[in-house]
Amino acid sequence: MFSPAWPNSGGGKPGDASSGGAPESSTPTATTAGPVRKPWYLEYDYKSEDIMFNKIGKLKGGKLPALVERLTLHDTVDSFYVQAFLLTYRSFTSTKELFELLKKRFNIQSPTVLNDLELEDWKNNKKKPICVRVFNVMKQWVEMYYQEDDEDKEVLQEMRAFASAKMQEEDARLASHLLKLIERREQGLMKKILVTSMGKDVPAPILPRNLKKLKFLDLDPLEIARQLTIIDSKVFNRIQPVEFLRKAWNDKANEVAVNVKTMIAMSNQVSGWVTQSILSENDHQKRKRLIVHFIAIAEKCRTLNNFNMLVAILGGLDTAPIRRLRRTWTVVPSKSSSGLEVLRETMGSANNFSRYRETLHSINPPCVPLLSLYLNDLTFIEDGSPNFLKPGGAAAQSATTSATGEPAPHQEQLVNFGKRMKTSEVIREVQQFQSAPYLFTQVPELQEFLRESFAETVDETDLYNLSLSLEPREYEANTHTTLMKVLVIGAGVAGPLVALALKRAGHDVEIFDRVKPPAAATAEGSRPIWLPGDISGGTMPVKSNFVGYIGISEHSTDIGLDSKAQTFQLDNASGRSTWIARSSDSRVLWCIFETKPGDIAQNDAWNSVEDLSSAFALFEEHHFLEALKSPRTDFV
């Protein structure tokens with residue numbers, strides 16, 4: 001006769017997390033404050049060394065048979081554990097092996113020493129609940145976790161035979177239900193149910209006049225974002241849990257992660273499309289229009305909660321061949337530049353993408369989240385934790401060897417289920433965004449146009465060389481963070497010619513009248529510039545303290561030329577002054593020229609520019625000097 005034991009297996013003390021089962025809730029009797037003991041024949045079947053819990057009673061790991069038993073316990077249901085197990089079991093076992101263990105669990109046999117009352121109690125309170133739990137696990141597997149591969153197809157047929165025979169004998173109702181599910185699965189009727197928002201209208205597409213002859217800049221940014229989102233979300237919604245296991249997306253020979261790989265490839269193609277489109281234009285104004293258009297599309301992707309495509313577009317705008325196009329970026333309107341910075345901040349990697357994560361958790365589906373971030377999280381989990389654990393105790397053998405030094409049988413290893421729980425949390429977050437579809441109208445002509453556009457690929461080296469041909473290195477700013485801007489004061493011929501020469505060098509140039517701001521500056525909002533009277537290298541005449549008016553810069557939040565600005569005068573020959581001014585926050589370096597009509601012919605008056613080598617951190621002086629010495633026709 002078996003001696004009675006506590007309800008947690010292996011004879012361990014109740015609530016001992018390091019021994020058998022997890023702490024069970026107990027109901028005190030009227031005569032004692034202690035837990036109620038279960039009959040020995042209703043205790044768990046696994047041994048204490050087959051399962052591990054952490055200090056707070058959470059499952060940490062266990063041998064595969066013990067984990068399957070926890071999956072089908074007769075006295076409790078942990079739906080969170082069941083879901084985590086089914087989401088991740090393919091990372092530590094096969095469908096075939098799992099099915100065999102479930103069948104064995106369903107066919108559990110009673111102890112031979114039970115009397116009639118004990119046997120009846122065992123059947124009602126252990127056997128039947130276990131059979132129902134096994135049925136529920138099989139049901140969930142057929143409904144949500146079945147894969148269209150050879151192994152799962154074979155197991156599905158074996159499950160049909162099992163339901164028709166053994167399960168039919170045990171519980172005809174359960175067998176009938178499972179057989180119907182299997183039939184639906186085989187007929188392809190087991191489709192994922194997408195939850196749509198009730199009463200939400202499908203917006204009409206914004207179409208160009210001629211769908212047969214499409215031009216990118218004629219397409220509405222919102223409609224481009226919609227069509228990209230339709231393409232992106234279709235692939236995202238097809239991703240299966242198994243694609244996130246064991247970094248399957250990194251294995252070129254592995255065809256399991258087909259949808260994840262498709263999304264990765266498509267994101268790279270979109271980034272390449274953005275870069276290539278901008279570099280396809282020789283004129284920097286045309287490149288500017290493309291940049292503005294792509295920024296607008298990215299903003300619409302953000303509005304649609306398509307963070308994955310948003311980052312793909314940002315990736316194209318932030319590639320080295322595009323970022324170095326200083327001459328092009330200086331003419332991008334401030335509204336677009338500001339919008340781009342907001343998007344960059346939202347998707348920035350600071351504090352483990354904390355800004356984006358906060359945004360993601362505050363929005364409502366539909367949504368296409370940033371897939372690459374989930375892949376990074378899963379990689380961290382996969383690489384940071386072992387697949388199997390060592391048993392407790394100082395003299396414990398390794399998880400992969402037995403006491404004899406031989407490789408341990410697969411089912412004798414302690415599966416690190418804590419690792420799988422973390423993995424399942426990431427997968428569950430992905431799944432919550434797969435249930436709500438976008439209600440947009442597909443426009444085949446636009447989708448085909450977009451697919452053809454970003455399917456073209458160009459080598460990154462070729463793209464960078466193309467960028468260099470468009471804006472050679474002499475126009476390129478170095479890596480200094482200060483922004484170089486030039487203010488030319490004065491009218492007549494000299495001011496515009498000097499300004500044009502500077503623009504040729506890729507600098508941000510403003511031409512303003514000394515006394516009153518021009519209309520353009522007034523429209524943007526302007527303010528006077530005053531330079532300090534006492535400056536390094538000499539004293540500026542009092543009458544020169546008032547320099548003129550400057551419009552609020554499109555490329556800097558604040559010009560910063562206040563009383564704390566660092567300024568010094570380079571030349572004051574013939575009444576013409578040249579100053580260098582660095583803003584108080586060192587973000588903006590201004591070169592301020594006061595011109596007269598005759599200055600352009602006096603090459604010696606510009607020799608002071610040669611002294612700017614240290615102050616012009618973002619300015620290649622030799623090109624500026626060459627431009628000034630060129631024929632006047634080169635400036636216009």
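**Overall build.** I looked up the elements next and found 21 helices and 13 strands in the protein chain. Of its 636 residues, 48% are buried. For contacts with a separation of 6 or more, I read that 70% join residues 24 or more positions apart.

**Confidence.** How high is the mean pLDDT of the protein chain? I found 76, with 65% of the residues reaching 70 or more. Among the elements, helix α3 (residues 95–106) has the highest mean pLDDT, at 98, while strand β8 (residues 534–535) has the lowest, at 32. I then marked residues 393–407, where the pLDDT is below 50; the model gives this stretch 20 contacts beyond near neighbours in sequence. Residues 594–636 also went on my list, as their pLDDT stays under 50. For them the model has 90 contacts beyond four places in sequence. A reminder to myself: where pLDDT is low, the predicted coordinates should not be read in detail.

**Aromatic pairs.** I looked up the rings and found 17 aromatic pairs in the structure. One of them is Trp-40 with Tyr-41, an edge-to-face pair with 5.7 Å from centre to centre and 80 degrees between the planes. Are these two residues buried or exposed? Trp-40 has 12% relative accessibility and Tyr-41 has 8%; buried means under 20%, so both count as buried.

I moved on to Tyr-44 and Tyr-46. Why is this pair called tilted? Their ring centres are 5.7 Å apart and their planes meet at 35 degrees; stacked needs under 30 degrees and edge-to-face over 60, so the pair falls in the remaining class, tilted. I checked their cover too: Tyr-44 is buried at 2% relative accessibility, and Tyr-46 is buried with a relative accessible area of 4%.

**Charges over rings.** My last entry is about charged side chains. Lys-127 lies over the face of Phe-106, at 5.7 Å from the ring centre. I found the charged end of Arg-324 over the ring of Tyr-464, 6.0 Å from its centre.

Technical notes:
Residues are numbered from 1 along each chain as its sequence is written. Side-chain values use heavy atoms; hydrogens and water are left out. Helices (H or I, at least four residues) and strands (E, at least two) are DSSP runs, numbered from the N terminus. Buried means under 20% relative accessible area, exposed over 50%, partly exposed in between (1.4 Å probe, protein chains only). Contact means heavy atoms within 4.5 Å. pLDDT is the predictor's confidence in each residue, from 0 to 100. Rings of Phe, Tyr and Trp (its six-membered ring) pair if their centres lie within 6.5 Å; planes under 30 degrees apart count as stacked, over 60 as edge-to-face and the rest as tilted. A charge sits over a ring if NZ of Lys or CZ of Arg is within 6 Å of the ring centre and within 35 degrees of the ring normal.
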